[in-house]
Amino acid sequence: MEPLSGPIDLSHTALLIIDMQKDFLEAGGFGEALGNDVSKLQRAIEPCKKVLEAARANGMMVIHTREGHRPDMTDVHKRKISPSGKTIGDLGPMGRILIRGEEGHDIIPTLFPISGEPIIDKPGKGAFYATDLQTILTIRNISTLLVCGVTTEVCVHTTIREANDRGLHCIAVGDCCASFFDEFHRIALEMIKAQNGIFGSVTDSEKVLSALSN
């Protein structure tokens with residue numbers, strides 16, 4: 001873990017998996033509609049699966065997020081609507097893009113939540129904006145977040161910054177995060193750990209799995 005090191009109290013740690021949704025990771029979803037190569041995001045699936053299984057085995061709190069909007073789209077800012085091409089609310093192969101209740105809005109089967117794992121439905125990029133995530137973390141006395149998901153430079157980074165401002169220690173699990181742009185992914189992780197951890201720490205799934213097995 002860089003730049004910080006040392007033990008983590010698992011009783012006060014949660015695994016936060018950001019937006020591993022069909023609309024972002026599967027063919028025909030919003031990510032592909034924007035012209036992106038979804039296989040780049042799919043790289044994070046297997047490492048995420050291993051960390052998720054280990055977290056469950058250790059009794060850690062696991063929280064999932066989904067970005068999406070109300071069917072009537074009254075919570076969609078105008079700036080989120082693209083003037084050209086496919087955009088939020090348009091019909092795609094998996095239903096209306098990024099609309100709650102549609103097939104594409106849901107989490108991929110490999111990482112699907114089990115009973116007892118909260119799902120945070122967020123209308124923005126950060127998981128704290130217009131959600132009850134802060135309340136859940138406070139009630140469960142969570143002070144550290146292991147953060148995985150997509151995309152590294154957008155929703156993962158925004159959430160880590162929000163959490164940092166709220167006094168939480170965030171550890172980005174680098175290979176459990178992904179971006180459509182390799183350079184954005186690399187730089188986003190560098191930014192998190194820069195200046196002695198200005199936003200948090202960075203590690204990888206191998207180190208997390210080793211720690212959870214001890």
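In which helix does Val 154 lie? Val 154 lies in helix 6, where helices (H or I, at least four residues) and strands (E, at least two) are DSSP runs numbered from the N terminus. The model is a predicted one, in which local features need pLDDT of at least 70 and side-chain atom pairs count only at pLDDT 80 or more, while totals for chains, interfaces and linings use all residues. Residues are numbered from 1 along each chain as its sequence is written, and side-chain values use heavy atoms, with hydrogens and water left out.

At 28% relative accessibility, Val 154 counts as partly exposed; on this scale buried means under 20% relative accessible area, exposed means over 50%, and partly exposed lies in between, with a 1.4 Å probe and protein chains only.

Two packed helices are described by the angle between their axes and the distance between the axes. Helix 6 (residues 152-165) packs with helix 7 (residues 182-197) at an angle of about 15 degrees, and their axes are 10 Å apart. The two are therefore roughly parallel, since angles under 35 degrees count as roughly parallel, over 145 as roughly antiparallel, 65 to 115 as roughly perpendicular and the rest as oblique. Here axes are lines fitted to C-alpha atoms, for helices over the stretch in contact, and angles run from 0 to 180 degrees between N-to-C directions. The crossing of helix 6 and helix 7 is right-handed; a crossing is left-handed if the near helix is turned anticlockwise from the far one by less than a right angle, and right-handed if clockwise.

From helix 6, the residues Thr 152, Glu 153, His 157, Ile 160 and Arg 161 meet Phe 184, His 185, Ala 188, Leu 189, Met 191 and Ile 192 of helix 7, contact meaning heavy atoms within 4.5 Å. Sorted by class, this contact has six nonpolar, three polar and two charged residues, with Ala, Val, Leu, Ile, Met, Phe, Trp, Tyr, Cys and Pro counted as nonpolar, Asp, Glu, Lys and Arg as charged, and the others, Gly among them, as polar.

Leu 146 and Val 51 are 95 residues apart in sequence, yet 9.7 Å apart in space, C-alpha to C-alpha. Not counting residues up to four places away in sequence, Leu 146 touches Thr 13, Ala 14, Leu 15, Leu 16, Met 60, Ile 171, Val 173 and Val 208.

The backbone around strand 6 deserves attention as well. Most residues other than glycine have a negative phi, and most peptide bonds are trans. Asn 141, in the loop between helix 5 (133-139) and strand 6, has a positive phi of about 55 degrees although it is not a glycine, and Asn 141 is partly exposed at 46%. The peptide bond from Val 150 to Thr 151 is cis, with omega near -15 degrees, and Thr 151 is found in the loop between strand 6 (144-150) and helix 6. Asn 196, in helix 7, has a positive phi near 60 degrees and counts as exposed at 61% relative accessibility.

The cysteines come last. A disulfide is a covalent bond between the sulfur atoms of two cysteines. With a disulfide taken as a pair of cysteine sulfur atoms within 2.5 Å, the count comes to zero. The sulfur of Cys 148 is 4.1 Å from the closest cysteine sulfur, in Cys 176, too far for a bond, and Cys 148 is buried at 1% relative accessibility. For Cys 170, the closest cysteine sulfur is in Cys 177 at 11 Å, again too far for a bond.
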